[in-house]
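Colleague: Please take a close look at one part of this predicted model. I would like the contacts, the ring pairs and the salt bridges, with cut-offs.

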Amino acid sequence: MCSFHFPRPLRMFRSAESAHRLWLVILSLTGIIYLSPGRGFAQAKPPSPSFAALSKQAAEARDADRLEEAVTLYTRALALQPKWVEGWWSLGTLEYDQDHYAKAALDFQKVIALDAANGTAHAMLGLCQFELGRDQLALKNLLAAKDLGVIKDEQLRHVAVYHLGLLQLRARKFGDAKETLDQLAKDRIRTKESITALGLAALLVRPQDAPPEDTPGAAVIERAGEAETLLAAKDFDQAKKRYAELAGEFPDYPNLHFAFGRLLLETNETDQAIEEFQRELKRDPRNVNSMLEIASVRYHVDSQDGLKYAEEAAKLAPGIPFAHYLLGVLRLDTGNAAGAVPELEAAQKAFPNESRVYFSLGNAYSRVGRKAEAAKARAEFARLNALEAKQRSPTLYSERPPGLSEGQLRTLDKENPPQ
């Protein structure tokens with residue numbers, strides 16, 4: 001399997017084009033009269049350079065690519081003015097350009113300490129932490145960058161999105177990774193690394209578990225990534241053709257029928273999708289993801305049939321929150337409100353900011369006579385639903401609002417709560 005490299009941010013980011021408030025305080029140091037041995041009084045030292053002079057020299061050295069000199073000058077200037085946001089930013093990007101990731105991380109932490117809402121600094125800190133192998137911290141900061149937004153430079157955005165996708169893959173957050181990496185495909189990014197990462201997301205494989213490069217398994221992942229890239233670009237016919245060819249050639253490859261089935265759901269071919277999920281279950285009777293997809297589809301047309309798949313999925317994988325949500329709404333839909341409540345309560349703990357979970361939970365409470373709790377759940381639904389409506393504008397990272405995955409939203413939408 002290929003090593004995962006991606007174009008890094010250009011040095012142009014050193015100039016901190018994003019708006020920062022600058023605290024420019026001109027400081028001067030007086031000269032010191034000292035006694036030279038054997039010579040009596042020596043001449044006074046010339047005054048040390050002021051902050052203004054040092055910052056100007058640092059910028060000139062930076063722009064001339066005299067990196068070590070620029071680092072020294074920025075360090076001296078920051079000693080005089082430690083709240084200089086742009087200085088910490090420039091120093092951090094200089095260290096990053098020289099692969100000094102630990103030093104750069106400290107610099108970007110200074111920027112964030114002075115400007116916590118600086119999404120671009122969170123992105124750069126996350127990239128440093130990625131290089132240092134600090135995956136959890138890197139994921140936290142890249143997600144913060146996603147929420148806060150970054151400067152409108154496509155290269156930095158693409159680098160941050162790609163590395164966020166890799167971190168989500170490493171953490172087994174395959175649905176999140178696919179949604180993240182889809183953004184690169186929609187932006188017509190077609191590198192081998194981004195295509196392979198999409199294939200890993202579709203087939204539920206972590207990068208560290210990927211087959212070696214130049215093996216049949218690696219080829220399957222890359223070809224699946226190509227199909228997913230076509231899907232993200234809405235070239236449905238070609239995407240379907242690629243998956244059909246793959247499934248014919250490698251019918252026993254893990255999660256290939258599952259991935260093909262999800263594509264067919266995107267094209268609204270639900271019967272064919274269920275057939276692919278069933279093929280995956282024939283290959284692996286314990287494939288929980290296929291069970292959940294079948295249960296989700298059947299919820300729209302035959303909840304009683306879907307219930308058995310949700311029951312088995314929740315039994316096999318009690319740690320998957322969506323399994324509890326799906327089991328809860330299916331029980332509610334088939335008249336077992338009492339059995340639905342504990343499952344929906346478990347889902348609410350996992351999705352505390354998802355309005356539609358509260359909508360379902362409010363209905364379940366109402367049906368079992370827990371009126372006060374029903375009213376509370378419905379009030380929380382109304383609050384979150386109003387909040388989500390304000391957040392549905394596109395961001396630099398995604399065209400979709402934050403929340404659950406596309407497949408999960410299909411299930412949630414069946415109840416069609418009021419907007």
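**Around Asn287**

Modeller: Leaving aside residues up to four places away in sequence, Asn287 touches Asn255, Glu280 and Leu281. Contact means heavy atoms within 4.5 Å. Asn287 sits in the loop between α13 and α14 (288–299). Helices are DSSP runs of H or I with at least four residues, numbered from the N terminus. Asn287 counts as buried because its relative accessibility is 4%. Buried means under 20% relative accessible area, exposed over 50%, and partly exposed in between (1.4 Å probe, protein chains only).

A word on the basis: this is a predicted model, where local features need pLDDT of at least 70 and side-chain atom pairs count only at pLDDT 80 or more, while totals for chains, interfaces and linings use all residues. Residues are numbered from 1 along each chain as its sequence is written, and side-chain values use heavy atoms, with hydrogens and water left out.

Now the rings. A search of the whole structure gives eight aromatic pairs. Rings of Phe, Tyr and Trp (its six-membered ring) pair if their centres lie within 6.5 Å; planes under 30 degrees apart are stacked, over 60 edge-to-face, the rest tilted. Tyr243 and Phe260 are stacked, at 5.8 Å centre to centre with 15 degrees between the planes. This pair links distant parts of the chain, 17 residues apart: Tyr243 is in helix α11 (residues 236–249), Phe260 in helix α12 (residues 256–266). Both Tyr243 and Phe260 are buried. Phe258 and Phe277 form a tilted pair, 6.0 Å centre to centre, 45 degrees between the planes. Here Phe258 in helix α12 is linked to Phe277 in helix α13 (residues 270–283), 19 residues apart. Phe258 and Phe277 are buried too.

Next, charges. Side chains of opposite charge can pair when their charged atoms come close. A salt bridge is a side-chain nitrogen of Lys or Arg within 4 Å of a carboxyl oxygen of Asp or Glu. By this rule there are 25 salt bridges. In one of them, Arg331 meets Glu311 at 3.1 Å, N to O. Arg331 lies in helix α16 (residues 321–333) and Glu311 in helix α15 (residues 303–316), so the pair ties together parts 20 residues apart in sequence. Arg331 is buried, because its relative accessibility is 16%. Glu311, at 31%, counts as partly exposed. Arg356 and Glu354 form another salt bridge, with the closest N and O atoms 3.2 Å apart. Salt bridges that share partners also join Arg298, Asp302, Asp305 and Lys308 into one network.

Methods
Helix = DSSP H or I, 4+ residues; strand = E, 2+ residues; numbered from the N terminus.
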